[in-house]
Amino acid sequence: MSPPLDLDGLLSQEPPRDGGAAERVLAAARGELALRRPVRHWRTQAVWLMAASGGLALVVALVMLAVGAVSGATLLGRAHLLVLLLGTSAICAWGALSPRGRGLRRFGVVLAMTCAAVLVLARGTPHSTPTLPGWVCTASHVAVGLVPLVVAVLALRAAVFDPLRALVAGLAVGTTGAFLGELACAQDWRHVAGHHLLAWSIVAAASLVISKSLKPRSYAP
Amino acid sequence: MGSPTDEELMERFRDGAHDAFEALFARHSGRVQGFLTRMVRSAPLAEDLLQSTFLSVIRARGRYEPGTRFLPWLMTIAANAARDALRHQQHVDAYASQEDASGPASVQPPEGDPGMRRQLLDALQQLHPDQREAVVLSKVEGWSFEEIAALRGITAGAARLRAHRGYERLRELLAPLEAAR
């Protein structure tokens, strides 16, 4: 009777190696190095995403304040919500681009959901009837997130596709529109739940779908 | 003075020393190539993936965190590249199977050791990619189940189960070889 098959031994046998393949790959790697592309650190990319999302939101607030579209009293009255949105944006952006931020990404999702619930619950009864249809809010929130979305998608391509990473980046981007909604819209909680949060979801879904459809520049974690 | 560690070389590479990359390539390209050949079987595809892996190291050197062990980081990149290729291949195979309904070739008796190794590589391809990855990483690369779990975002128990099921399936697939010896 023959001895049993040594599966471990068989598995550890080296497959036949093509030395020419290593040479060709090294030549391709040297070609890539010769391009002298700048090293992109993930922290720098995270700061760029924070600046694109939170920074754009702050610029919008300043412009609205400057042109009188929003009063200082309104800004102060909603400061706690605005700070919550900026914090959510920063945490989601950092978590999305961090190589080891799996816990932070989960926390970012929970924080974004909490933030969304607070935005709905904190909305009071409007004192005037709306002059614009609800979809205008949805469309403008999505539109204001386009630039941060491009930044997020470009940054995400530096790593292997991870659905949670792409979703959290989308949530970071979506805070820009939500921020705008807190400044420019005075409608009731139903409108916030139905139109503002819909826009946030659309942006998050767009980040997920676009990232999945693009070939990553690297397979690094 | 001893030779620099992988981690020291990677940090030097991050700081712009291209010779450090060449040293890392010389040290690890063979191992990565072996892993990829086991994962995808096809030599041309394994070469493509070897290239994707080392181009990823170059392009994503800004994502390498000082203090991270280099070899698991490198093998994670290779595993991600293989997984992406296998996912793509599954789509192609699903399309091809609509035209050709015949199943995968069964394992044939060996013709000496090289034949046996070939049969093993064929049998590995019949495992689910998750199981194949777990078997190769645990049995060949010596990864712990905790490390495999961290790679795929699953529990260590789930990683152990994947490896165990893959290994048992491999034994089943290679049973005809044993009978023919």
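Visitor: Which residues of chain A does UniProt list for "transmembrane region"?

Guide: The unreviewed UniProt entry lists residues 46–67, 79–97, 109–126, 132–156, 163–181 and 193–211 of chain A. Such annotations may be inferred rather than shown by experiment. This is a predicted model: local features need pLDDT of at least 70, side-chain atom pairs count only at pLDDT 80 or more, and totals for chains, interfaces and linings use all residues. Residues are numbered from 1 along each chain as its sequence is written, with chains lettered from A and ligands numbered from 1 in the order in which they are written.

Visitor: How much of residues 193–211 of chain A is helix?

Guide: That span is 100% helix and 0% strand, its end C-alpha atoms 26 Å apart. Helices are DSSP runs (H or I, at least four residues), and strands are runs of E of at least two. For residues 46–67 of chain A the figures are 95% helix, 0% strand and 31 Å.

Visitor: What makes a nonpolar core, and how many residues has the largest?

Guide: A core is a set of buried Ala, Val, Leu, Ile, Met, Phe, Trp, Tyr and Cys residues joined through C-beta atoms within 7 Å; buried means 20 or more other C-beta atoms within 10 Å of the residue's own, placed from the backbone. The largest has 98 residues, and B:A82 is one of those with the most contacts inside it. Helix α4 (residues 70–99) of chain B gives the largest share, 11 residues.

Visitor: Which residues does B:A82 touch, not counting residues up to four places away in sequence?

Guide: They are B:L36, B:M39, B:V40 and B:L49. Each counts as a contact because the C-beta atoms, placed from the backbone, lie within 7 Å.

Notes. Buried ≥ 20, exposed ≤ 12 C-beta atoms within 10 Å, placed from the backbone. Contact = placed C-beta atoms within 7 Å.
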